Amino acid sequence: MCSVRLEPPTHTIVEYFHNPESTGRSCGYCKSETGSFSDGMWAHTMSPENYESLINNGWRRSGCYLYKPRGPVTCCPVYTIRNISSKVEITRSQRKVLKRFKKYLADGVLPKQQKYSTLEQDHAPDKMSMECAHEISGTPEINVDKPQKPAEKQPSSVRSTHTNSPQTSKKEHPLKKKLLRRERKRQKLIAKGLDPVEFFKRNERNRVSELQDFFTPKDSDKVLFSTKLVQVDSPEFDEMFPIEHLLYKKYQMHTHGDKEHDCRASQFRRFLCDNPFGAPSSEGRVPHGTFHNQYYMNGVLIAVGVIDILPSCVSSVYFFYDPEYSFLSPGTLGALHEISFVNNLTTQDPTLQHYYLGYYIHKCDKMKYKRKFRPCELLCPVSNAFLRFDERVLSLLDSMNGGCAQLDQHMSIKTNTQDVRNVLLLHNRRVLPFDRYPKKTRKPMS
Ligand SMILES: [Zn+2]
């Protein structure tokens with residue numbers, strides 16, 4: 001159980017759960033009964049720097065529990081996916097969502113539900129929480145409650161177009177179309193005597209400011225939109241906790257079909273409030289740690305994005321919202337807002353420029369929305385290098401049928417080697433450097 005800490009942790013203490021079992025656990029994605037294999041550990045305390053290193057090695061967290069599916073053996077291999085926020089590209093469907101949001105703020109008129117009911121299907125906002133819950137469900141050593149069977153729970157509108165079985169798309173990927181459009185544009189610019197590199201750079205800057213404009217309220221708006229970033233366990237957070245919990249319960253029950261007893265306040269706290277980071281550091285320009293970004297319409301809380309702000313990225317943990325606002329595609333809006341938020345942080349700290357969307361499973365159709373937040377990169381599970389999610393990577397994943405692929409197989413392998421001698425271990429309630437630990441443990445045996 002995590003407790004409130006006044007200072008950020010200076011070291012990391014984890015309890016590793018080695019699972020040497022020969023049969024796996026049930027999988028929420030492909031419905032295999034025994035196909036899911038993962039490793040896990042409980043983080044008693046962890047620095048944001050250490051957590052960032054772990055997510056760059058394929059780990060994720062849910063509360064204080066960290067997990068990593070075993071790529072080569074698990075039924076649904078996962079790839080960490082991230083967006084390069086400073087180069088954000090807004091797709092046509094995302095632009096539609098943003099314009100609809102802006103129009104709603106401007107005139108305050110609720111659109112007819114029918115008119116927009118199909119748009120959310122493109123952006124099933126189930127996000128990472130499902131995966132987290134899925135992983136926790138397989139860790140009986142730790143008494144962590146969880147939402148149930150992730151992949152089964154989808155709004156009926158989503159269910160109508162997505163099956164729960166893993167599928168591989170046979171359609172031409174939009175990335176290819178985009179590359180063709182870009183090449184045609186490049187040729188046109190050259191023909192006009194313009195510099196394509198400079199043109200595309202200016203375009204990137206414009207896209208960043210365009211995205212920010214969509215979320216900037218206007219005086220003439222009929223609906224007042226605002227967001228508030230609150231640190232977990234701060235007095236402001238505690239004040240809003242009961243209201244957040246009610247919203248969470250409404251979302252889980254309506255959108256994912258959870259029972260009321262699955263959405264207790266203690267579960268909400270353990271799943272989306274507890275974290276191993278402690279209080280954000282006051283050093284540096286951007287505080288690191290776990291935050292809830294609260295979205296308000298006319299002063300009423302309508303959505304919450306749970307995020308970890310880490311030294312060089314923002315990692316999305318979960319997003320939940322009032323189902324009555326489904327017509328605005330809150331899942332897509334929330335992710336775009338978080339990308340825009342990262343861009344704001346980049347101006348304060350230029351090293352912080354990625355937005356992590358959790359895991360991507362290639363053979364799971366419901367995950368495809370994640371690669372629409374472009375440009376995006378996938379973490380190669382073999383080399384631990386991030387690669388642009390381009391046509392080549394897409395073809396490779398297709399050819400592997402979503403299996404565990406070494407994405408940068410034609411490149412030299414980069415391995416994250418670290419000197420472990422100074423890694424601290426907890427032994428007999430004392431923190432020891434690793435190079436002193438073996439001597440201690442050998443004593444009783446000699
Ligand atoms: Zn599976």
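Leaving aside its neighbours within four places in sequence, which residues is Leu378 in contact with?

A: First, two notes on reading the model. Residues are numbered from 1 along each chain as its sequence is written. The model is predicted, so local features need pLDDT of at least 70 and side-chain atom pairs count only at pLDDT 80 or more, while totals for chains, interfaces and linings use all residues.

Now Leu378. Beyond its neighbours within four places in sequence, Leu378 contacts Tyr79, Ile81, Tyr360, Phe386, Leu387, Phe389, Val393 and Leu407. Contact means C-beta atoms, placed from the backbone, within 7 Å.

Leu378 also belongs to the largest nonpolar core, which has 75 residues. Such a core is a set of buried Ala, Val, Leu, Ile, Met, Phe, Trp, Tyr and Cys residues joined through C-beta atoms within 7 Å. Buried means 20 or more other C-beta atoms within 10 Å of the residue's own. Phe320, Ile339, Tyr360, Ile361 and Leu378 have the most contacts inside this core. Strand β9 gives the most to it, with 7 residues. (Strands are DSSP runs of E, at least two residues; helices are runs of H or I, at least four; both are numbered from the N terminus.)

Next, the sheet. Strand β9 sits in an open sheet of 8 strands, ordered β6-β7-β8-β9-β10-β5-β11-β12, with mixed pairing. Strands pair if DSSP finds at least two bridges between them. β6 (225–231) and β12 (386–388) stand at the edges; each has a single partner strand, so one side of each lacks a neighbour in the sheet. At the β6 end, β6 and β7 pair antiparallel over 7 bridges. There, Phe225 has Met297 of β7 as its bridge partner.

Strand β8 holds Ile309. Ile309 counts as buried because it has 23 C-beta neighbours inside 10 Å. Pro287 is 22 residues away along the chain, yet its C-alpha atom is 7.3 Å from that of Ile309. Not counting residues up to four places away in sequence, Ile309 touches Val286, Pro287, His288, Gly289, Phe291 and Val314.

Finally, a helix. In α1 (residues 48–55), Pro48, Tyr51 and Ile55 are buried. Down the axis of α1, its buried residues fall within an arc of 60° (taken from the directions from the helix axis to the C-beta atoms), so they line one face of the helix. An α-helix has 3.6 residues a turn, so residues three or four places apart point the same way. The buried residues of α1 pack against several strands, including β5 (79–84), β8 (300–310), β9 (313–321) and β10 (354–360).

How values were computed. A residue is buried if 20 or more other C-beta atoms lie within 10 Å of its own, exposed if 12 or fewer, and partly exposed in between; C-beta atoms are placed from the backbone. Two residues are in contact if their C-beta atoms, placed from the backbone, lie within 7 Å.
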